[in-house]
Structures are given as C-alpha cells and as structure tokens.
Amino acid sequence: MSLKQKLFSNIVLRSMFATFGSRSAYSKTPGSFVPYFQYKVGPYQSDQYLYFPKEPFAVLYKNEIFNKLHEYSGYDIIRYLEFHYSAFPDRMDFLRFLNYEIFERLKKRPKDAGLLSAQAWVSEKMQEVKKAEQEQLRQDVAEVVQGIVNTPPTATPQEIEHYVSDLVEKFNGHMERVTTEMEHGIKHLTGAFVRGSIELNNRNHEEKLMQLFILLQDVKSPSQAAKTEQLFKQFTDSDLAVILHLHFGAFKDNKINTLQHKIGDQTQRIKASNPKVRKLNEALQEFFY
C-alpha cells in the first residue's frame, strides 16, 4: 500500500486534506487521462499539438490545453480547436468535455476572451451535431416508411411487423439521446445553482407525494365559474420529474426518464372515484378558486 493510500484510508486525515485543498481525485500516474487534445512528448514546436518534456499526468495535461489556447486569438482559436476536434473519434464526447472544462474556468474568469470564443465555438458545433442527427433520423424514418408504403399487399404479418419495429427502434434511439442530453444539461446547470435537499420522514410517502403533484397539475376552476381555466398554464410530467430530481433527496439518484415513467405509473393508479382523491381535488380547487 502506497503512502497516499495509507493516509487516505484514515477518514480524519482524508477530511483534513479536503478542508485544506490537498485532496484530488486526479491520478498522478503519467498518461492516465483521455487524450481529447493531441499531444507529443518532446521539445516545444510552434504548431497546434500540445508538447510535454515527459509523459504528463491528468491535471497538467488539462491545464496545458488552455495554456495553449491562450497563445491564439480570434479565428486562430477556432482553428486550434477544430484541429483537435477533427481527430477525436467521438465528436459529441469531445464537445461535452470541452464544454464542462470551459464552464469551470469561466466561473473564475468570466470575461476571459479566449474562453468565451471557445464556448461560442462549442455551442456552434453542438448545434451542428444535433442538426446532423436530426437529419439522419429523418432519412432513416423516411427510408423505413417508404419500405412500409412499398410493402406488397401479399406481405406477411411478420414482414409488416418487422418494418414497424424498425421504425419504433429508430424513434426510441433518438428519444434516448435527447433525454441523455437533457440530463447532462441539468447537471451542468445545477453546478452553478443551489439544489434543494428536501427529505421525507417516511419513504412510504414517496408515491403519495408524486400523486399529490399530479393532482396539482390538473387543478382548474369550478365548472360554474365565468371562465374555466387551468391553475398552471404549463406543468408537464417532464417539469415534475426535474423538480423531484433536483429538490427531493429520495429521487436525486433517479434519471429523468425513469422519473417520467414513475409519474406515468402513478397517474394510472389515481382513481377519480376514490373518496380521498375526490376530497383532495375539491379542497385544492376551493383553495385556489
């Protein structure tokens, strides 16, 4: 066991290191990082590669990305970023890495011209990637639909089912990507804002809490009112999922799409004929109207 492992195995010492800023999750092992930006070990050269006298460790590598960026100005910053972007196999992963790194540095230097230029480039590229994905989805769906249209009248139920399943699979894949991006966006934004820490005394009340919010979504003015209106102009299941995820400890480890499914299940379980539900609906309506 190394000295660091021995020291960090002691919870008191580990807490002290964190308090005084001496604790880091980054490895000091050279080369133990994902090389988003291309680099070489050797003498410095005036090109777009990163250069190190010996194999770097993670923190040094990440810092050098931005040290190098600040050697450039204007459009040369864009050329530097695109040089590395074009060489990395997973374009969206590269953009997400750079987006979060820029975000952290802008919190310390919000008016840094180089970082702001890089942030604008990342935003532009993310839009390009999303448009390309949407176009690919459109083409894929058009191809499958055309296949269904061209299916001969003699096609078997199995053949028709194959085309429909293919179409559903493409839509599901697209929606999964959209949901994942939304979750990443929420995590990114909440890094700068305070999250709630609401805790239920009894975890058996989690489902009832969901049902309460669902009933609140549908509150509207009495039928005899001069103008019938909903309490909320907009309050979707997605909105509710985000509220639960961000502010209630019982749901913080659930993904947004998981919470949406749970909300859908609870909606099905609410019976309007249940006396308790009916009374609560009436009480909410009376309270607001």
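This is a predicted model: local features need pLDDT of at least 70, side-chain atom pairs count only at pLDDT 80 or more; totals for chains, interfaces and linings use all residues.

Me: How many helices and strands does the protein have?
Reply: The protein has 11 helices and 2 strands. These are DSSP runs, numbered from the N terminus: H or I with at least four residues for helices, E with at least two for strands.

Me: What share of the residues is buried?
Reply: Of the 289 residues, 30% count as buried. Buried means under 20% relative accessible area, exposed over 50%, and partly exposed in between (1.4 Å probe, protein chains only).

Me: Next topic. At what angle do α3 and α5 pack?
Reply: Helix α5 (residues 91–108) and α3 pack at about 80°, with axes 12 Å apart. Axes are lines fitted to C-alpha atoms, for helices over the stretch in contact, and angles run from 0 to 180 degrees between N-to-C directions.

Me: Roughly parallel or roughly perpendicular, then?
Reply: α3 and α5 are roughly perpendicular to each other. Angles of 65 to 115 degrees get that label; under 35 is roughly parallel, over 145 roughly antiparallel, and the rest oblique.

Me: Which residues make the contact?
Reply: From α3 it is Lys-62, Asn-63, Ile-65 and Phe-66, and from α5 it is Phe-97, Leu-98, Glu-101, Ile-102 and Arg-105. Contact means heavy atoms within 4.5 Å.

Me: Which side chain meets Glu-101 in a salt bridge?
Reply: Arg-105 does, at 2.7 Å from N to O. A salt bridge is a side-chain nitrogen of Lys or Arg within 4 Å of a carboxyl oxygen of Asp or Glu. Glu-101 and Arg-105 are both buried. Salt bridges that share partners join Lys-62, Glu-101 and Arg-105 into one network.

Me: And Glu-82, what does it pair with?
Reply: Glu-82 forms a salt bridge with Lys-125, the closest N and O atoms being 3.3 Å apart. Glu-82 lies in helix α4 and Lys-125 in helix α6 (residues 113–149), so the pair ties together parts 43 residues apart in sequence.

Me: Last one: is His-84 buried or exposed?
Reply: His-84 counts as buried because its relative accessibility is 0%. Its contacts include Tyr-36, Gln-48 and Phe-94, not counting residues up to four places away in sequence.

Conventions: Residues are numbered from 1 along each chain as its sequence is written. Side-chain values use heavy atoms; hydrogens and water are left out.
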